[in-house]
4 protein chains.
Amino acid sequence: MSNVTVPKMSKGRVCLAYSGGLDTSTILKWLILEGYTVVCFLANVGQEEDFAEVEKKALALGAEKMVIEDLQREFVEQLVFRAIQCNAIYEDRYLLGTSLARPVIARAQVRVAEQYKCDFLSHGCTGKGNENENARANGGNSQVRFELAFKACNPSLKVIAPWRMPEFIQRFQGRADLLKFAAENNIPVSSTPKAPWSMDDNLVHCSYEAGVLEDPNHTPPKELWTRTVDPVDAPNAPIEFTIHFEKGIPVKVVTPETEVTDSVELFKLLNKIGHDHGVGRVDIVENRFIGLKSRGCYDTPGLTIARLAHIDLEGLVMDSKVRKLRDQFCTIEWSHCLYNGMYFSPEREFLENSIQFSQANVTGQVRMMAYKGNAYTLGRSSTASNLYSEEAASMDSLEGFSPMDTTGFIAIQAIRLEKFGLQKIKDGQPLSESK
Amino acid sequence: MSNVTVPKMSKGRVCLAYSGGLDTSTILKWLILEGYTVVCFLANVGQEEDFAEVEKKALALGAEKMVIEDLQREFVEQLVFRAIQCNAIYEDRYLLGTSLARPVIARAQVRVAEQYKCDFLSHGCTGKGNENENARANGGNSQVRFELAFKACNPSLKVIAPWRMPEFIQRFQGRADLLKFAAENNIPVSSTPKAPWSMDDNLVHCSYEAGVLEDPNHTPPKELWTRTVDPVDAPNAPIEFTIHFEKGIPVKVVTPETEVTDSVELFKLLNKIGHDHGVGRVDIVENRFIGLKSRGCYDTPGLTIARLAHIDLEGLVMDSKVRKLRDQFCTIEWSHCLYNGMYFSPEREFLENSIQFSQANVTGQVRMMAYKGNAYTLGRSSTASNLYSEEAASMDSLEGFSPMDTTGFIAIQAIRLEKFGLQKIKDGQPLSESK
Amino acid sequence: MSNVTVPKMSKGRVCLAYSGGLDTSTILKWLILEGYTVVCFLANVGQEEDFAEVEKKALALGAEKMVIEDLQREFVEQLVFRAIQCNAIYEDRYLLGTSLARPVIARAQVRVAEQYKCDFLSHGCTGKGNENENARANGGNSQVRFELAFKACNPSLKVIAPWRMPEFIQRFQGRADLLKFAAENNIPVSSTPKAPWSMDDNLVHCSYEAGVLEDPNHTPPKELWTRTVDPVDAPNAPIEFTIHFEKGIPVKVVTPETEVTDSVELFKLLNKIGHDHGVGRVDIVENRFIGLKSRGCYDTPGLTIARLAHIDLEGLVMDSKVRKLRDQFCTIEWSHCLYNGMYFSPEREFLENSIQFSQANVTGQVRMMAYKGNAYTLGRSSTASNLYSEEAASMDSLEGFSPMDTTGFIAIQAIRLEKFGLQKIKDGQPLSESK
Amino acid sequence: MSNVTVPKMSKGRVCLAYSGGLDTSTILKWLILEGYTVVCFLANVGQEEDFAEVEKKALALGAEKMVIEDLQREFVEQLVFRAIQCNAIYEDRYLLGTSLARPVIARAQVRVAEQYKCDFLSHGCTGKGNENENARANGGNSQVRFELAFKACNPSLKVIAPWRMPEFIQRFQGRADLLKFAAENNIPVSSTPKAPWSMDDNLVHCSYEAGVLEDPNHTPPKELWTRTVDPVDAPNAPIEFTIHFEKGIPVKVVTPETEVTDSVELFKLLNKIGHDHGVGRVDIVENRFIGLKSRGCYDTPGLTIARLAHIDLEGLVMDSKVRKLRDQFCTIEWSHCLYNGMYFSPEREFLENSIQFSQANVTGQVRMMAYKGNAYTLGRSSTASNLYSEEAASMDSLEGFSPMDTTGFIAIQAIRLEKFGLQKIKDGQPLSESK
């Protein structure tokens with residue numbers, strides 16, 4: 001009977017980001033019923049997924065093609081390593097796990113659309129602007145990030161965003177409507193009970209949002225976290241390991257048992273260390289791009305460790321003034337670019353040029369320990385930079401410097417402060433309280 | 001025989017920062033022998049010290065007066081709480097424990113000098129610029145901070161800095177010279193063996209530097225840390241507690257056993273929680289003001305916890321754009337002011353005015369947990385701000401907003417990015433790699 | 001026949017920003033025909049306008065009421081003086097003349113709407129985002145600024161923006177449609193030929209955009225400028241005058257002929273000086289909020305002079321570090337806030353608090369000269385600050401400072417640079433070319 | 001008799017920055033009398049100077065060698081063009097004319113010192129920190145800049161700074177002492193009466209400081225300015241010309257009479273245009289590095305024009321977000337680096353990398369006019385960038401954009417502002433005044 005509803009003439013070919021879930025299955029079927037030919041696309045960025053199952057389902061529902069691409073390497077090397085190089089962090093806490101994956105996925109979807117001569121790109125993101133993509137109750141940040149990337153990568157491809165189309169929204173007003181449509185169209189529905197929150201995972205992290213988490217005072221339940229062991233349950237013995245960096249990029253991780261140099265493999269090893277020892281859990285209320293606040297929980301084991309090690313090594317080898325400039329503008333601005341979906345932008349490119357320049361000497365190794373929820377640096381060394389020297393640090397032999405020099409340094413630094421103090425005294429104001 | 005060397009006419013009255021150690025005892029005696037009258041001053045900023053013993057020693061060595069002032073309250077309320085309000089941190093890691101105490105100590109020393117009609121201020125800081133004051137092998141940052149504060153608070157008081165005076169340095173070239181002088185002048189010398197590093201402690205933290213730590217790859221030994229239990233030895237059961245803030249300042253801490261509202265007492269309670277559960281250890285290589293790098297270890301239990309809670313609460317109640325501006329400018333710049341001894345400066349006052357303005361709505365409570373080296377937020381709430389609402393977060397009922405609005409938002413945000421992408425295509429350059 | 005189309009029941013009361021031009025007259029009539037009751041509002045922010053004529057026209061077209069408010073004083077005192085205090089400038093050239101007026105106008109329109117129990121706010125802005133409001137071919141920046149202000153001041157008032165309503169746009173696709181509608185509805189049409197560009201003026205400036213100016217290489221014709229005499233035609237004799245400031249605000253202007261202290265009157269006097277001597281013409285390509293570039297010409301006589309004088313006085317009285325922080329974040333960020341319509345925002349309030357704090361000592365007088373297109377400072381003086389002193393400047397008597405102090409200052413500043421140079425030599429890289 | 005005072009054994013070879021004036025002639029002779037062999041060095045950075053006369057004088061006074069190097073090309077291409085690329089300006093007014101020359105001179109002096117196997121570098125800068133070098137009453141900024149450059153370029157060369165040596169200062173306490181020494185040592189003294197201010201000139205500008213200018217309210221006399229005609233005396237007819245840029249660097253200047261492409265020659269042509277039409281006079285009170293304020297007058301004809309043209313072209317071709325980041329960080333920070341003598345520093349190198357990256361598309365031409373003290377842009381064009389298009393500016397044909405999109409854009413931008421307004425209403429605070 002279904003051939004009755006298939007139109008004779010295709011309205012065009014759509015490349016749909018397809019996850020196999022109820023939402024995107026509904027969209028897939030709906031697009032076909034609307035007269036489109038659909039090429040499904042799924043990026044492998046390290047999430048837990050039965051890819052074969054997704055493919056089977058897509059084809060069963062009528063997709064012309066199901067394209068699954070393993071993007072883990074470009075994800076790690078082009079995005080995650082850049083984040084490590086600039087110590088990226090959003091609002092002091094969030095390591096941008098979801099944001100980092102988006103450009104890689106969007107770029108690949110455009111690539112696939114071009115390859116299969118698609119006219120349209122489609123996705124199942126909804127409108128609210130938080131970090132997850134794969135739950136109807138969420139979206140927002142995701143759709144902004146995907147579509148800004150689409151526009152930059154190929155503005156000639158049109159976007160079909162069903163969750164912003166009045167006819168679609170009218171038809172599917174709640175989960176009941178989706179289930180009814182699924183039953184009518186032979187869309188298999190998972191019998192696994194859904195978690196009372198939404199999740200999005202990839203090689204870097206898993207995020208948890210919405211549902212019971214919308215109360216910011218509701219403590220995430222123990223079973224929520226999927227990427228890290230509860231610190232309370234973590235091993236009683238710490239693990240020690242060493243991360244080697246070249247120009248700010250991790251190039252080798254050594255544990256008592258193994259030594260890994262491949263980019264993806266070493267990141268997975270850091271993930272495993274972090275996972276086993278419960279490192280990298282964050283629970284925050286953050287500011288979405290669109291101006292609303294959102295509560296998110298993230299477990300980000302490997303990146304938390306790598307970022308900490310990188311910051312530590314920079315302490316040893318990076319000039320203080322360069323570091324301050326980098327912190328004030330590159331780190332904060334690059335993180336905001338990524339969060340706001342501005343990856344394919346002139347400002348991100350501009351900032352990244354600075355970031356890479358700053359990493360010329362960030363070469364060396366950091367010894368670390370992970371234990372019950374935390375990672376610690378144990379020591380660091382580098383032969384790339386002359387900025388730290390034990391002799392200079394103790395100043396027993398700092399060439400061309402005498403203790404008396406400090407007298408002049410202080411005298412000159414004090415010129416402004418003396419004037420400030422005298423003015424305050426003259427004005428009868430306290431020197432040290434601003435209120 | 002000693003009266004032979006005491007001159008008839010005093011060269012003037014000196015207010016000496018006196019700790020009771022070998023260095024400042026030597027300076028005290030030397031100043032007296034040089035013909036000065038000496039008023040000793042010791043600030044109680046919460047360090048571990050036998051104050052009665054220090055007083056006894058000073059008077060025995062010939063000090064005219066020993067003044068000990070308890071500055072803990074002004075330290076906590078005027079400096080530490082300000083640091084909490086702006087999430088102060090230096091180079092991503094150091095919470096400025098020593099830097100925060102300096103302005104309070106220096107201001108009090110000037111106050112005492114004025115009260116006792118002194119003509120001079122003196123201290124035992126040496127010239128190398130690291131975080132500690134009370135070891136000859138250290139100094140530098142300390143002397144800069146103290147003397148800049150002296151100049152701002154009262155430029156008419158002259159400074160005697162023996163460790164920068166050629167005649168003093170010539171005479172005391174090593175510990176042997178100090179011990180010889182001590183023996184000759186009845187200066188009691190502690191028989192406790194000295195730690196192979198220098199330490200400086202106060203209510204906020206203890207710092208450890210120099211000695212074996214000068215090798216940045218030398219892991220701090222287990223016995224080094226004095227303010228925190230080793231995480232490995234911390235209790236197996238987490239502790240839960242709540243911190244209440246008003247305008248960014250902690251006003252109440254509640255644990256299962258107690259509830260404290262006094263500023264000093266609540267900070268001590270946070271210290272105790274942090275101490276017992278091993279929270280707040282940091283080991284870094286940092287950039288000193290004078291341009292050298294230095295390795296420092298710090299344990300900062302209470303401030304680590306308070307800062308984390310404050311950041312968390314700001315997530316709930318602070319506007320995103322204000323936060324970004326505050327992070328980029330106030331947090332980083334205020335932290336640098338403090339680190340560099342620029343507390344009594346127009347720029348610190350300017351920044352602090354902004355910081356306090358930003359805290360108007362930072363009122364609410366944060367529930368936390370401490371466990372084996374880490375502190376975690378469990379939840380937060382506030383009635384002071386309307387920025388977070390569960391309804392808006394889920395966007396089921398965000399007034400005046402429709403999912404379709406995002407279409408226009410994306411279209412306009414994309415204008416620049418499309419042009420960027422098209423230019424790249426035209427120029428034959430890759431869109432997403434800066435190198 | 002028109003009473004046929006007037007509905008019995010009003011759809012509600014609309015407060016319409018009405019200028020008397022063809023566009024807003026059309027909207028006025030259209031709203032009435034659509035069944036709304038219309039209260040017209042016109043702000044007097046110093047533009048050249050026959051206000052009585054506008055009122056007559058509005059009432060003739062069926063407005064229930066025409067409200068004209070003189071906002072010049074609040075415009076000058078709350079917006080323009082704030083701009084002077086922070087040396088506001090957008091992209092190095094534009095003094096924000098239009099942007100500064102918008103918040104005052106929008107706030108007044110909301111006030112009027114509330115007073116007359118309106119349900120709606122309406123305006124005739126179009127969609128393209130440039131600086132002018134009163135030409136159909138323009139708009140964009142204006143509508144964003146007005147509507148963001150409306151939302152902040154009273155989100156319960158709904159907005160009717162005809163130039164974004166499909167039914168309106170469909171009906172009025174070109175000037176011919178407007179003229180036809182005008183003829184049918186007795187809307188008087190000005191017989192004055194329209195300039196080949198659009199204009200928007202107020203007490204601060206006149207802006208010129210669109211039309212022939214859209215070619216950025218087309219030199220603005222001599223007759224374009226309305227607020228300034230052509231420098232070539234300006235008097236051959238310069239005029240000298242003095243501006244007095246208190247806390248960064250101009251409080252008195254003295255010329256050879258007069259002395260003015262009233263805020264609005266002194267600003268008008270500065271305008272006259274600037275006008276007569278051709279000061280304040282700018283021709284730029286700027287970046288609109290929405291991401292497009294736009295060419296604009298502005299003549300801004302008085303504000304150009306006042307800003308220059310204020311910058312000059314700050315040189316004499318403001319601390320260097322406060323100035324740098326203020327320049328980097330307050331000046332640039334406040335200017336962007338205003339340009340982007342973010343006046344009623346937490347970040348503008350945050351920045352303005354800092355700006356005002358920075359002005360505590362910006363009190364003094366600046367002697368100036370205007371001549372053929374330029375203003376020059378001739379001298380400045382202040383008794384409010386101790387930062388400049390002739391004695392210190394010549395350093396013949398700088399207390400507590402000796403030439404030898406510079407040796408130590410240089411030695412310590414050089415520590416980082418020596419290491420940098422040595423590293424470069426070691427790495428075989430040139431020291432001074434980054435490429 | 002003089003051979004009595006010449007020691008048999010040289011204390012070493014000194015490379016002295018020698019200008020031929022009374023101060024450096026005194027130093028030259030004094031160094032010889034102290035037993036040094038002296039190689040004199042004079043950089044030609046475009047200043048007005050009788051170089052042959054200086055050489056003659058140096059050799060007559062006993063210099064082993066007089067080295068004069070023409071550094072104009074490296075000055076223009078490596079420093080001045082970089083300043084143009086980043087619109088460098090210090091404290092909103094000063095174009096850094098002196099600061100830009102210092103690194104080139106210092107680097108060349110080190111080069112000469114190495115070539116002639118010198119052990120020491122020497123200069124005649126004094127201690128007060130202002131912009132000029134060649135008057136005893138001045139100095140400060142100069143000595144800091146020179147010596148920081150020396151240390152970076154070759155820390156093994158020792159510095160002899162006579163005006164900071166107690167024995168020298170004691171001996172030469174005033175001009176009378178210098179004249180007496182000159183008479184005794186056959187040092188020729190110029191009979192030209194000295195201007196009542198000090199001057200320092202090079203290809204970029206002439207600076208005027210000290211003397212009568214120390215009163216900041218003293219208007220510079222008409223005869224002070226040497227590089228620009230008084231605007232009042234400038235031609236009654238404007239001159240029109242065009243500057244062509246490639247990647248932010250001026251590559252051609254076209255006037256009605258000539259067309260120049262050589263870097264030094266085109267800069268000289270811009271200087272001539274500016275000179276003849278009185279462009280580029282600045283009179284300010286600025287903040288010296290060492291914390292004192294100083295009054296300086298500068299005439300900077302060509303650079304003023306080139307900077308204005310460059311800013312104008314950037315408006316046409318540079319992305320808005322990149323521009324804002326560049327303005328906030330690169331422009332301000334690079335300018336401070338140069339002013340403070342931090343040219344040979346890691347932060348300058350870091351910033352310059354960003355600056356150059358930002359200039360990739362700053363290619364095009366700017367038509368200008370100079371007239372009686374001012375330069376105006378008349379138009380600009382570029383084929384390098386797609387950011388400006390007449391079609392998009394008029395938005396009649398902006399692809400993929402509809403006026404309705406603005407509705408969504410505004411709705412989302414307003415989310416934060418509505419909440420802000422509602423909170424203010426709830427708190428009973430005014431929305432728009434920060435005080």
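How many residues of chain A are in contact with how many residues of chain C? In this predicted model, 29 residues of chain A are in contact with 29 residues of chain C.

**Relation of the two chains**

**Area buried between the chains**

The size of an interface is often given as the accessible area lost when the parts come together. Chain A and chain C bury about 2,300 Å² between them, and 53% of this area lies on carbon and sulfur atoms. Within chain A, the residues that lose the most area to chain C are Asn386(A), Arg416(A) and Lys419(A), which together account for 26% of what that side buries.

**Polar and charged links**

The table lists the counts of two kinds of link.

| Link between chain A and chain C | Count |
|---|---|
| Salt bridges | two salt bridges |
| Polar contacts (both residues at pLDDT 80 or more) | eight residue pairs |

Arg416(A) forms a salt bridge with Asp319(C), in which the closest N and O atoms are 2.7 Å apart.

**Make-up of the side of chain A**

On the side of chain A that touches chain C, the elements giving two or more residues are helix H11 (320–339) and helix H14 (405–427) of chain A. The largest share, 15 residues, comes from H14(A).

Notes
Residues numbered from 1 in each chain as written. Chains lettered and ligands numbered in written order. Predicted model: local features only at pLDDT ≥ 70, side-chain atom pairs only at ≥ 80, totals over all residues. Heavy atoms only, no water. Contact = heavy atoms within 4.5 Å. Buried area = accessible area lost by both parts, 1.4 Å probe. Salt bridge = Lys/Arg side-chain N within 4 Å of Asp/Glu carboxyl O. Polar contact = N/O pair within 3.5 Å; in protein donor to acceptor, adjacent residues only side chain to side chain. Helix = DSSP H or I, 4+ residues; strand = E, 2+ residues; numbered from the N terminus.
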